[in-house]
Amino acid sequence: MADAKRELVECIEAFGEDALRDIWLFNPTRYEALYIRDDVEANIEDINVNNFVDNERYGYITRDTYNALSHAAYQYSVHGFDEFEQFRTFFGEETTDSGVFISLDAHNGAYDFGDLYDKLMTYAARVDLSSVTPENVGQWSGD
């Protein structure tokens with residue numbers, strides 16, 4: 001795994017700690033799983049990951065829609081599931097830029113997703129974003 005991607009994983013791991021389930025990097029044509037916890041990997045064997053990632057890619061369209069319809073700029077989305085919460089954001093403003101989505105175990109408290117977004121944007125400002133693009137067309141890269 002390239003240094004910029006490893007740094008991205010470390011940034012998210014510091015936020016999610018033991019609750020971190022998975023980290024996915026994507027753009028309009030490719031995706032790469034940067035981290036998947038063992039129990040989560042067993043659960044996703046029976047789902048169509050391509051369709052799941054395609055659904056997250058829809059965020060490129062909704063981000064533009066939100067920006068056109070709101071006085072405030074889109075930053076991130078959070079989706080709640082019965083077992084986990086999923087966070088998604090994008091690096092850069094172009095629809096060809098990469099995005100990231102992660103999931104964390106559900107819990108009774110609230111995650112500070114605004115803090116996570118700030119940490120990711122600080123990270124994005126430090127690295128060459130061209131090195132943070134999925135290398136694989138739809139596969140889990142592992143370590």
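E85 has a relative accessibility of 16% and therefore counts as buried, where buried means under 20% relative accessible area, exposed over 50% and partly exposed in between, with a 1.4 Å probe and protein chains only. This is a predicted model, in which local features need pLDDT of at least 70 and side-chain atom pairs count only at pLDDT 80 or more, while totals for chains, interfaces and linings use all residues. Residues are numbered from 1 along each chain as its sequence is written, and side-chain values use heavy atoms, with hydrogens and water left out.

E85 is found in strand β4, and F81 lies in the loop between β3 and β4; helices (H or I, at least four residues) and strands (E, at least two) are DSSP runs, numbered from the N terminus. F81, at 38% relative accessibility, counts as partly exposed. Leaving aside residues up to four places away in sequence, E85 touches V78, H79, I102, S103, L104, A106, H107, Y111 and F113, whereas F81 touches Q86 and A106; contact means heavy atoms within 4.5 Å. The table sets out two pairs by their C-alpha atoms.

| Pair | Apart in sequence | Apart in space, C-alpha to C-alpha |
|---|---|---|
| E85 and A73 | 12 residues | 22 Å |
| F81 and A106 | 25 residues | 7.7 Å |

Which residues of α5 are buried? They are F113, L116, Y117, L120, Y123 and A124. These residues cover an arc of only 125 degrees around the axis, which puts them on the same side of α5; the arc is that of the directions from the helix axis to the C-beta atoms. On the other side of α5, A125 and R126 are exposed. Among the elements that cover the buried residues of α5 are α1 (3-16), β3 (76-80), β4 and β5.

In α3, the buried residues are V49, V53, E56 and R57. They span an arc of only 105 degrees around the axis, so they are on the same side of α3.

The largest pocket holds about 210 Å³ of space. On a 1 Å grid over the protein atoms alone, a pocket is an open set of points where a 1.4 Å probe fits, with protein on both sides within 12 Å along at least five of seven lines, and lining residues have an atom within 4 Å of a point. A volume is the space filled by probe spheres set on the points, which are joined across faces, edges and corners. Of the 14 residues that line this pocket, D22, I44, I47, F52 and F84 are the closest to its centre.
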